[in-house]
Amino acid sequence: MEDEKNILEEEDTLKDKYLTFTLGDEVYGIDISVVIEIIGIQKITSVPEVPEYVKGIINLRGKIIPVVDMRLRFRRQFREYTDRTCIVVVEIHDVLIGLIVDGVAEVLDIREQDVVPPPDLKASQNKYIRGIGKLASNVVMLLDWEKLFSGEDEEILGNTAGEYEDAATENEAQA
Amino acid sequence: MVEVFIYETRQFLEQLEQISLASEENGGFSVDDVNEIFRAMHTIKGSAAMMMFDEVSTLAHSVEDIFYYIRELHPQKVDATAITDIVLNAVDFIRIEMDKLDGGAQPDASSQELREYTKNFLREMKIANGDDPDVDLRKVKNAGQQKPKPKQYYIGAAKQPEPDKGTNADGSPGEGVHIFAATVFFQDGCEMEEVRAFGVLNNLKDKVIEIHNLPEKILEDDTAADTIKSLGFRLFFTTKLNYEQIEKELDQTIFLEKLELKELNSIAECEYWPSPETVSINALENTDPIKPKLPTSSENEAQEEADNANPPASILPGQTSGPAPMPSQGSNKPVHHGEGSQMISVRVDKLDRLMDLVGELVIAEAMVVQNPDLAGLELDNFQKAARQLHKINGELQDSVMSLRMVPLDGTFKKMNRIVRDMTKKLGKKARLVLVGQDTEVDKNINEHISDPLMHIVRNSIDHGIEMPEVRKEAGKNEMGTVVLSAENAGGEVVIKIKDDGGGLNKEKILDRARKNGLLTRPEEEYTDGEIYSFIFAPGFSTKEKVTEFSGRGVGMDVVVSNIKALGGHVLVDSNPGQGSLTTIRIPLTLAIIDGMSVTVGQSSFTIPISSISRSFRPAPGQIFRDPEGQEMIMVQEKCCPVVRLNELYNIEDAVTEPTEGVVMLLEAGDRTFGVLADRLLGVQEIVVKPVPAYISKVMNTTGISGCTLLGDGSISLILDPQRLHHMIYS
């Protein structure tokens, strides 16, 4: 009971909080609850056979995690990485993934009533936008990370959740 | 609680199986065997009853009865094989129920049939030995030990906090608290009164404030059943429920013959109500309800049984003590006592964590010792210290690995059972010879090897070993032999299953392979080994008829997939008329391996050192192209294909001139091929880390089996020569 309460409370404090990052002039927001940490750009080991937007894998203190270039993911022009380029490490269904973004802005509170659904355009990229948060001066596109990493990717890269279990059993077999 | 129960019961089942198989082989049950089996069954009965698994406990009870009879009356005519059958059947039944329980389900099968059979068998055995089948042995035996005054026992009170006694100091009931005295009589012949009484007690436990019962020791005392039969099971308790509710509660008891329920005005009217001190002392001693009372704990006896002249039954000579896992007497293996105190059981995930940490330590060591900052420095003392560190790390790694090592003994012995069952059913004669069963393998391997071994041994008996007549005609011993051997051979464990049966029928296999469309090349191109390995294909069976044991075509492919999951491989060989030999090779560990790291452009790759046959810089012109553009290299009179890693993985800035790079010859099974890389980085112990889940699916087809961290913290991809070969050439 106590635990449940704590979890609920914890979720509550993270609710409506978004980490915003930029890709060019656009501002995106991602639920703070899935963000593990933000690190600077570091040496990326490329791996074969993966879609272009999967830049490779990095060593995060002994953990090996894949990194995805969000510019390429949204079919934008590739831009060389700079000092401002960041990797946002997110955990989705127990899988760690690094997102390469142009820069990280801030953590914002966007209340549910300030979020409007995205315009119903046929443009493909809108399906990764869960809603648009209205701010005083500008807008933030809120990412639907569920769809982003388990929808289309599932076809290309395999069901992340299922694969994770597979990998776990393989680990066991290796241990 | 359930976990412990399953674990213990399984251990007893294994023990039971081994003892009964061994006794059958020896032609009869020794006194020690009988005691051991009796004790194991008794314990299973007790703990199953406690966990309310009636079907299991009643079955164990009926088997126990047979051994009780044997133990007490030493009958002359004992059919060891039939009794072994009974024990094994019971073991199987209970094992299945345990599996259900382990899988989160409830054990629900009925053991009625087995029980009936066992009971009838015992009856017939008694008649055959001239004993009266209807005499209840326990009664006869216990008659002389009846205590002058039944002892008291309580349960559940320990759970109740002291202030909540529900009674006032003068013994009158508190507000809304009722005091009851109940006597429960079970129907005649319902058997196992003591276990049923325990069930009643357990049911009431949550509904009463304090409860005491007569006789006090239900499960531990052999006389308890008798007392309950003659005097009834007497309960004294305080509760907040009223008369009707309690009556209803007790009325639900199975096999209830008669219930006497009386409400009392004060606990003083109860025939037995121990003082709080007695309760707490009892509670201390009874934290584990199925622990037998140790003979040394005389303090308690003095306290509660000062006037009792007879010592508790459990320490009488000739009585098996209560159902404790460790025998306090009657055991023929005194070593157990010593070993028991030297052993601890550890959760496997803790060991896994330790193993992970050792892996990290190996990486950290490499990061320190091969730190780029040290490059070019002459550091004698540092090197000395580094070597010491390396040595200790190596030892640590070995010790941690050895923690997970278990002998193959248990797994091998399970095969005895399969051979026995199958030969009996098929009318064949065969024995199993175990060699090197002390060989230790990783726990994980031990668990996964059991199924494959079972399938292979089954196959050997079913397909390999001929019927006795056929064997005689062929000039062979009627008794077939299956040899199961294990040995450690340089980082690998080699398990061989050899039979002296008819061997594999090459023609039949080819024929079936043709039918199943497994042939991809002209028939004459297949080697014997390749043909034999068809038997591992899914759905492959040369049997026309599906039997209980084989013929469905599943099984042998399980062998391959299980062993592949362990990183091993299987080979079959056969000599027509002489038998067949299956060899399984499994690497001892896959977690930490020696790897050769190479660079290609900016990327680095690591290849397990065990699969590199040689590496060298090719001489000009040594690499040539065949008409299809495939590059080849001539090494030691052999021509091997060569693949450039940079082209394979589209890596830029790599060496394109072979004479400036390095070629490594890799072995994948019985094939050799070369890969061209830029530069060798050196050999290093590497810790295999899985490819991140997010990209693991696509990586499956790339020949990359994992990743590792190099000394400078960069990531290197581990190449699996087998997969690489598969990817390039098929």
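User: Which strands of chain B does helix α16 lie across?

Analyst: Helix α16 (residues 443–464) of chain B lies across β7, β9, β10 (492–499) and β12 (579–587) of that chain. Its direction is at about 20° to β10(B). Helices here are DSSP runs of H or I with at least four residues, strands are runs of E with at least two, and both are numbered from the N terminus. Axes are lines fitted to C-alpha atoms, for helices over the stretch in contact, with angles from 0 to 180 degrees between N-to-C directions. Two residues are in contact if their C-beta atoms, placed from the backbone, lie within 7 Å.

User: What kind of model is this, and how are residues, chains and ligands numbered or lettered?

Analyst: This is a predicted model, where local features need pLDDT of at least 70 and side-chain atom pairs count only at pLDDT 80 or more, while totals for chains, interfaces and linings use all residues. Residues are numbered from 1 along each chain as its sequence is written, and chains are lettered from A and ligands numbered from 1 in the order in which they are written.

User: Thanks! What's the strand order in that chain B sheet?

Analyst: The order is β7-β9-β10-β12-β11 in chain B, an open sheet of 5 strands with mixed pairing. Two strands pair if DSSP finds at least two bridges between them. β7 (430–435) and β11 (569–575) of chain B each have a single partner strand, so they stand at the edges with one side lacking a neighbour in the sheet. On average, neighbouring strands of this sheet are turned by 15° against each other, direction ignored.

User: How many bridges join β7(B) to β9(B), and do they run parallel or antiparallel?

Analyst: There are 6 bridges, and β7(B) runs parallel to β9 (residues 480–489) of chain B. Val435(B), for example, stands opposite Ser485(B) in β9(B).

User: Back to α16(B). At what angle does α15(B) cross it?

Analyst: At roughly 25°, with the axes of α15 (residues 409–426) of chain B and α16(B) coming within 10 Å. α15(B) and α16(B) are therefore roughly parallel to each other; angles under 35 degrees count as roughly parallel, over 145 as roughly antiparallel, 65 to 115 as roughly perpendicular and the rest as oblique.

User: Which residues make that contact?

Analyst: On α15(B) they include Met415(B), Ile418(B) and Met422(B), and on α16(B) they include Ile449(B), Leu453(B) and Arg458(B). The contact residues divide into 10 nonpolar, 4 polar and 3 charged. Ala, Val, Leu, Ile, Met, Phe, Trp, Tyr, Cys and Pro count as nonpolar, Asp, Glu, Lys and Arg as charged, and the others, Gly among them, as polar.

User: Switching to chain A: is Leu96(A) buried, partly exposed or exposed?

Analyst: Leu96(A) counts as partly exposed because it has 18 C-beta neighbours inside 10 Å. A residue is buried with 20 or more other C-beta atoms within 10 Å of its own, exposed with 12 or fewer, and partly exposed in between, with C-beta atoms placed from the backbone. Leu96(A) is found in β7 (residues 95–101) of chain A.

User: What does Leu96(A) touch?

Analyst: Not counting residues up to four places away in sequence, Leu96(A) touches Ile36(A), Lys63(A), Ile65(A), Val89(A) and Glu91(A).

User: And which strands pair with β1(A)?

Analyst: β1 (residues 17–23) of chain A pairs with β8 (residues 103–109) of chain A in the antiparallel sense over 5 bridges. β1(A) also pairs antiparallel with β2 (residues 26–31) of chain A over 6 bridges. β1(A) and β2(A) form a hairpin with 2 residues between them, and Gly24(A) in the turn has a positive phi of about 65°.
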